[in-house]
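Subject: Model handover and notes

Hi,

Here is the model for you to look over. My notes on what I found follow below it.

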Amino acid sequence: MELPDFMSYANRFSQSDFVEKISRIAKRAGAKLVYAALILYYTLQSDKVSKTDKAIIIGALGYMISPLDVIPDAIPIAGLTDDLAVLLYVLKKVWTDIDPAIMDQAKKRLSKWFDEEEIAEINNLFDNEA
């Protein structure tokens, strides 16, 4: 899958829209997508991340929030695959700068929407990417 120009979606990101979208799509999106999004969201709030990385993260989260993307979210199953691909692409780019405490924070937040079996899928975050 060729990635879209997700940076053009940076102006669509807002914290309130992110929280609303994650809450609305969590179960349908799956633990892997939600975990990736939460890691990026919490990383964005860190003062240990470069402005360049923050700009990339904002673009990816803006893409996820936007209802207008390559594969519309309303399309069952396929609708969130492009979002996951963008999130995982950006996550790989900033992975070395992510504090393990952020990963723990994101994992703890997953329990709001998922049971332990569903959360287990995050153990292989980059396997079987979209």
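A contact here means heavy atoms within 4.5 Å. On that basis, take the contacts in the chain between residues at least 6 apart in sequence: 75% of them join residues at least 24 apart. Please keep in mind that this is a predicted model.

**Overall layout**

The chain has six helices and zero strands. Read from the N terminus, the order of elements is α-α-α-α-α-α. The chain has 130 residues, and 48% of them count as buried.

**Helix α4**

Helix α4 covers residues 81–94. Does its length fit its residue count, or how far apart should the ends be? At 1.5 Å a residue, the 14 residues of α4 should span 20 Å. The end C-alpha atoms of α4 are 20 Å apart, so the two values agree.

How much of α4 is buried? The count is 10 of its 14 residues, so α4 is largely enclosed by the rest of the structure. The cut-off for buried is under 20% relative accessible area. The buried residues of α4 are D82, D83, L84, A85, V86, L87, L88, V90, L91 and V94. Their cover includes α2 (31–44) and α3 (51–65).

**α3 against α4**

Two packed helices are described by the angle between their axes and the distance between the axes. For α3 and α4, the axes come within 9 Å and cross at roughly 170°. Angles over 145 degrees count as roughly antiparallel, and α3 and α4 are therefore roughly antiparallel to each other. On the α3 side, the contact is made by D53, I56, I57, A60, L61, Y63 and M64. On the α4 side, D82, D83, V86, L87, V90 and V94 make it. By class, this contact of α3 with α4 has 10 nonpolar, no polar and three charged residues. Two residues in it, D82 and D83 of α4, are also on the buried list for that helix.

**α2 against α5**

The second pair is α2 and α5, where α5 is residues 100–110. These helices pack at an angle of about 135°, with axes 9 Å apart. That makes α2 and α5 oblique to each other. The crossing of α2 past α5 is right-handed. From α2, the contact takes in A31, V34, Y35, L38, I39, Y42 and T43. From α5, I102, M103, Q105, A106, K107, R109 and L110 take part. The residues of the contact of α2 with α5 divide into 10 nonpolar, two polar and two charged.

**Two residues to look at**

G62 lies in helix α3. Is G62 buried or exposed? G62 is buried, with a relative accessible area of 0%. Leaving aside neighbours within four places in sequence, G62 is in contact with Y9, R12 and F13. The C-alpha atoms of G62 and S8 are separated by 8.6 Å, although the two residues are 54 residues apart along the chain.

Q45 sits in the loop between α2 and α3. Its relative accessibility is 44%, so Q45 counts as partly exposed. Q45 and I102 are 57 residues apart in sequence, and their C-alpha atoms are 9.9 Å apart in space. I102 is also one of the α5 residues in the contact with α2.

Best wishes

Key:
Residues numbered from 1 in each chain as written. Predicted model: local features only at pLDDT ≥ 70, side-chain atom pairs only at ≥ 80, totals over all residues. Heavy atoms only, no water. Helix = DSSP H or I, 4+ residues; strand = E, 2+ residues; numbered from the N terminus. Expected span 1.5 Å × (residues − 1). Buried < 20%, exposed > 50% of the residue type's maximum accessible area, 1.4 Å probe, protein only. Axes fitted to C-alpha atoms, helices over the stretch in contact; angles between N-to-C directions. Parallel < 35°, antiparallel > 145°, perpendicular 65-115°, else oblique. Left-handed = near helix turned anticlockwise from the far one by under 90°. Nonpolar A, V, L, I, M, F, W, Y, C, P; charged D, E, K, R; others polar.
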